[in-house]
Amino acid sequence: MNEQARFDTDNLIYNRFDLIFKEGNHGISFCDSDTKYCLDIHTEGVNAKINIWGKPLPQDIFDRVIEECFVDQQICAIELTRCGNPYGNFLEEVNDIRVPLPGDFDELMNRAERRDRATIRRKLRWLDERVGDLRIEIYSRNEIPDHIVDTYFRWKKETHGTDYRMSASEYLDRYYVTDAMLMKAGDTQVAVAFFCQTEDIVFFENFSYNTELKEYSPGLLMYVKFMEELIKRKCRYLYLGGGSYIYKKRFGAEAFTAYSGTIYRKEMIDGINAFFQEREIDSVGFYGYGVCGHSFLQLSKNLALSVGYGIDRKVTDAENIRIYSPEDELPEADAILITLNNKDEEVEKALAVRFEKVYYWNSILEKIIMDYQRRIDEGA
């Protein structure tokens, strides 16, 4: 009898489709030697997701999983987050970071350098003495007051320019928050953290802090108090997603190679290529180097298309491609693709003055999908 494979991320919230999706789930399984691999697939319209975060599979098993998803002809794309396997040029190599949580808090602190431990203790003491009595308030999902989320929104807007454009309850639901922590010094709010706990596995959703207290390193202090709480709860692992923030490298954090992105069925790639060929477009630039822009750039590696450069209000370093400011003199291109998730008339008008052909990337994808669905419905 084959033994079922178990993974540390089995209870990671983003792998628990039974908890985060009400319908559209079904299970699949494949065997390799003496091991059985069981996964869940969630389908929503033309998209599929697999609960595969942090689950490296034998490559042949992984390939069969992808093939199984596309057996459903309605599925045009498979979205994968931090899986353990590459797939051609569709997936981007990323990192997956976690902190193994020890049995007691002293052991956790011993993972930090002595001077860092002293700094943490000193700033906790200063905060308590200079601002007010330090305390931590913890709320389960149904008890989280709206004002805590609203404070988090305001701080995130100040520190990162993030505008969530949603209500407190919408945020908590969208990111599957199970608990919130509020750090206070007297009557002063210091920092807020949100997390998702499923049994002994925790995902750190996000946190923010009062910038008026930055001399006390409120973000670091909240992170330490947060992990102290998880140790009290006897949690095994804290998952942090990816990235390069300094706090994600502390306290014995482990980083693994992972792969994220969207895999499109062959008919989609053929349709996109045909779209550009029919319009005599061989080279493009793109406007917007956010989530949509990154997704397009990764997919472009599978297209018969030359991507010359990107444009973004925030000029950042990018791998193997030049990112210009909108005010720069831009190189020639057959077309410009707007890689923003929302329509922006100001951007449209500015680009239309400089380029003859301007398209929204998401609109192109929608057209290709609709054309494909029509052919399927007609039995072509």
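Helices (H or I, at least four residues) and strands (E, at least two) are DSSP runs, numbered from the N terminus. The expected span of a helix is 1.5 Å times one less than its number of residues. The model is predicted, so local features need pLDDT of at least 70 and side-chain atom pairs count only at pLDDT 80 or more, while totals for chains, interfaces and linings use all residues. Residues are numbered from 1 along each chain as its sequence is written, and side-chain values use heavy atoms, with hydrogens and water left out.

**Helix α11**

- Helix α11 covers residues 361-377, 17 residues in total, and its first and last C-alpha atoms are 25 Å apart, close to the expected 24 Å.
- Its buried residues (under 20% relative accessible area, 1.4 Å probe, protein chains only) include Trp361, Ile364, Leu365, Ile368 and Tyr372.
- Down the axis of α11, the buried residues fall within an arc of 160 degrees, so they line one face of the helix; the arc is that of the directions from the helix axis to the C-beta atoms.
- Met370 and Asp377, on the face turned away from the buried side, are exposed (over 50%).
- Among the elements covering the buried residues of α11 are β12 (254-264), α8 (266-278) and β17 (358-360).
- After α11 comes Gly379, with a positive phi near 80 degrees.

- Arg82 has a phi near 50 degrees, a positive value in a residue other than glycine.
- Arg82 belongs to strand β5 (residues 77-83) and is buried, at 16% relative accessible area.
- Arg165 also has a positive phi, near 50 degrees.
- Arg165 sits in the loop between α5 (146-160) and α6 (168-174) and is exposed, at 70%.

Key
Contact = heavy atoms within 4.5 Å.
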